[in-house]
Amino acid sequence: MKRRNFLTLTTGAAAGAALAACGNDGPAGSESGGGGGSASYWSLSGEPGEPYRKAAIDRFNKANPDSKITPTFFQNDAYKQKIKTALGANQAPTLIWGWGGGGLKSYVEAGQVEDLTSFFGDAALKSKLLPGSFGAATVDGKIYAMPVETVQPIVFYYNKKVFEQVGVSAPQTYGDILDLIPKFNAKGIAPFSLAGQSRWTNMMWLEFMLDRNAGSEVFDNVFAGKAGAWSDPAVLDMLTKVQDLVKMNAFQKGFASTAADTNADQALLYTGKAAMMVHGSWSYGIQKANGGKFVADGGLGWMNFPPIDGGKGDPTNTVGNPGQYLSISSKATAADKETAKKFFSTTLVDDEEKAGWVKSGGVPVLANSDSLYTGEDAQFQKDMSAIAAGAKTFAQSWDQALSPTASEVLLDNIAKLFQLQVSPQQWVDNMNGVIGK
Amino acid sequence: MTPTPAGTRTGKAPAPSVTGRPARRRLTERNWVGGSFAWLWLIVVMVPLYWLVITSFKTQANYFITNPLKPPSEFTFDNYVLVIESDFARYFMNSVIVTLGAVLPATLISFMAAYAVVRGAGNRFLQGVNGVFLMGLAIPLQAVVIPVYLIIIKMELYNTLQAIILPSIAFAIPLSVLVLANFIRDVPKELFESMRMDGATEWGTMWRLAFPLTRPALVTVVIYNAVGIWNGYLLPLILTQSPENATIPLALASFQTQFGVNVPAVAASVTLTTVPIVLLYAIGRRQLVSGLTAGFSK
Amino acid sequence: MTTLAPPVVRGQEPTRSRGGRSGSVLVWMVLPAFVMFVFFGIVPLIGVVVLSFSTWNGITPTIELTGLTSWKAALTNEGLPNALWVTFLIMALSWLVQTPLSILLGTFMARQSRYRGFLAVFYFIPLLLSSAAIAITYKSLLDPNFGLGAGLGIEALNQDWLGQANLAIATLIFVVSWQFIPFHSLIYQGAVRQIPDSMYEAAQIDGAGRVRQFFSITLPQLKYTIITSSTLMVVGSLTFFDLIWVLTAGGPGDATRALAVQMYQLGFQASLMGPASAIAVILVLVGIGLSLLLRRLGGRADQSQMEGA
């Protein structure tokens, strides 16, 4: 209670000093004009998503002149920061965009987001979305978010021109990859491009290596909070393999200096300085936009991450984002919540929404999209759709699935693992320490 | 300690240089170490600036393909157009408002405080206050950003420009008081005495005597604080959230991905950000140097 | 400012406030700054101390006090010794690099009149760029594949500048120096120009060479400037956050994770506001300790200067 006194004190004194607020447009949008609600909506800026997010809101506002949704777009890292501070400050927008999983769980525990279980009790609505996308929206059996936008598996990309030049073919197994590494290195081409400064890029490697080695159970146990879940011998084996990759120069020289936010990692692949790359399906669009004719000329190859010889994992398994998620702030007014729900049940599941995300080059979370893949990206989209649909397990990215606390420790240890700063055993010990936190 | 030469106190007076000039010229001739290092450092300073300027004229498509240190074969102004169109003017204005809104009050109240601290050397309360300020020199902003954030929320100033301005003022105070008090201490006591004889009040003495005499130090403090606040990243990051209230450093960080790989646009916005202050500095440089001369040399 | 008369004997006795009225006017004058500073400086400091005894996650509406839990977590965190070490390393190295170079440049510019204006304008530009802008620029220039090395065709420049622990620290120190040497050399330039030429003339008559003049006249005369400049550097280095954050985000691994970065990551990324506040308190204590230390150096200097005057 000391805390409360201290704040009351400071607030009282502050009120006197406070200047008239200028530019204070409350993001919660509680003061609304017109009859309907006026929901605020925060999401990520930039290509390829922003234009389609904007289009959906424009469509809704046009169809519902009484209510209004006001969007604000943030750069990725800034958004993660903002949404957290906004929730703490009770300034959250009506519609909270997110990645589901552990982050959503922390919002639920703080009582910040609306329970949508009964809303999705409407089977007609629920059936319009891919069933696999609801996992990361569910906390303790209740649904707290609507899956939106696209399914984004992580893909194994390779530069076909470089493969031709070196005279090798695409790897079928992890063993093939190990054989390819010295061949590319001998030609002065980096075998893999990796934006090592951006920690989550390294994590994608671990996710596949663990899955192919040990199957999806290990991470399921971690996610379920089982003590010592990382102690599986397959984890140690996987970590050792990853460090072996680093030691045999599988990644470009100075990979720890490369950051994903400048897209320099993708530039390495399309400029032919690197032969292969593990990256999210969204990278296809970036390479298409920035790589000149690289994608159009068929320079880019892709596939699911190959199996590891003797590994226990199902080779159809994949990892990534099973969708993006929109939650409704529990602090919003009833009218605003209604507006948000109307947005969910109408605009976000309409045909234009589906067509829009297909046009963006993605695979929509909306069901029955396959017939729409007819454009120049059709092959990529069909393959991604097949990977997503055919996966025995479509695991959510670890940093999204775990709590913010555990995920920070995870990313930290992953970065150190690639730096060879921690041994596999230390890694396991460190990670066991934050299970269930 | 050997007697401090009078010159140290009178950097503003032209007297010493009269006798000094011939010797100074002779000394100039042989400082090869300093000379070569000065020019080397100029190159070190210029390379990143040069890179920024040439990159700002490249297109997004050829950024990763062209030699990073060669000017593009075809100059494009598209990046500047793009940056200006993406609300750059608003970010710039926000930065101007925040900087002026914080620096001017901060300098004014710091000046008053410094004056009081110097004049009230026998007053326990004033000396205690001075002690608190000196302690404040060492409080890093990051350390207190969480409670500042809470206070701003409770004041309902979250996501406003004042949310950046008010703490910026507070954190500029300690250093400003230190520099200004040192300077006011140098004003000869006789001048204060004669003001008092003329029947001037403390307020009158402060404005008519101390203020004009402290001008160089005030300029120093203004520029030093302005540079810090103009470039501030943490306070805008934590205390605002809508793009309408973003300042340049914040906008700059998000430009990086707002444009995908468009590093040229980042370079263009950096160039656009810097030019106005460089001009300001070119104008205020003399004042700054004389201010530093007087304010820091003890 | 040329109207200012040269100071005569400076009185040692404090300027007494004349009567209660004058004293209370002075109190009114100090009040705005004092209130502002207490409100946004001291109160938050108390708030940090209070938060360090909680386990707030930054999202929950209520904050509960939970005793020493967060302090235990912060103090037993393996990252703490590293963060302290990195903070110290950055402080010491940036001081060691910046001070001699700033003095050298300042001395040169004070004596060199022909190019001084020209050099000063260009030297000053780095100070005008935000740390974020500088970090973005250097990140691009130091990219091992698309940066400076590729541009000049010099393979030696294609190092893993931000990806290897020692190189990353060195790079950071270099960028800090790039940013701040101009400012400090400006301070030294001002100070050197105040050293009366008569002192050099006397030394020349005694047959002292340039190097000896530098060490026997310039450097001793710069003593107080060195203390002021060092205070700014050392205290300022505690607050390097923006630059590190954009340049390396504390990486590679935790090689550049100074206390301020560590605090930020714990508090705002891992949602552990309690331990983050505990680290903040540690940071403040380090800062206060340092400034007291520096003040003792400076305080003694002030005294002796006054005795001599």
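## Where chains C and A meet

Let's start at a meeting point: the contact takes 30 residues from chain C and 34 residues from chain A, where two residues are in contact if their C-beta atoms, placed from the backbone, lie within 7 Å. On the side of chain C that touches chain A, α1 (19-51) and α12 (259-269) of chain C each supply at least two residues. The largest share of that side, five residues, comes from α1(C). The residues on this side of chain C split into 16 nonpolar, 11 polar and three charged. Here Ala, Val, Leu, Ile, Met, Phe, Trp, Tyr, Cys and Pro count as nonpolar, Asp, Glu, Lys and Arg as charged, and the others, Gly among them, as polar.

A quick word on what you're looking at: this is a predicted model, in which local features need pLDDT of at least 70 and side-chain atom pairs count only at pLDDT 80 or more, while totals for chains, interfaces and linings use all residues. Residues are numbered from 1 along each chain as its sequence is written, and chains are lettered from A and ligands numbered from 1 in the order in which they are written.

Now for chain A itself. You'll find 18 helices and 14 strands in chain A; helices (H or I, at least four residues) and strands (E, at least two) are DSSP runs, numbered from the N terminus. The radius of gyration of chain A, taken over C-alpha atoms, is 23 Å, close to the 22 Å that the globule rule gives for 437 residues, so chain A is as compact as a globular protein of that length. (The globule rule is 2.2 Å times the number of residues to the power 0.38.) Along its principal axes, the C-alpha trace of chain A spans about 70 × 55 × 40 Å.

Zoom in on strand β1 (residues 38-44) of chain A, where six of the seven residues are buried. Buried means that 20 or more other C-beta atoms, placed from the backbone, lie within 10 Å of a residue's own; exposed means 12 or fewer, and partly exposed is in between. β1(A) runs parallel to strand β2 (residues 68-74) of chain A, joined by seven bridges, with A:Tyr41 partnering A:Pro71. β1(A) also runs parallel to strand β3 (residues 95-98) of chain A, joined by two bridges, and here A:Trp42 partners A:Ile96. Two strands pair if DSSP finds at least two bridges between them.

Chain B has 14 helices and zero strands. Buried residues make up 58% of its 298 residues.
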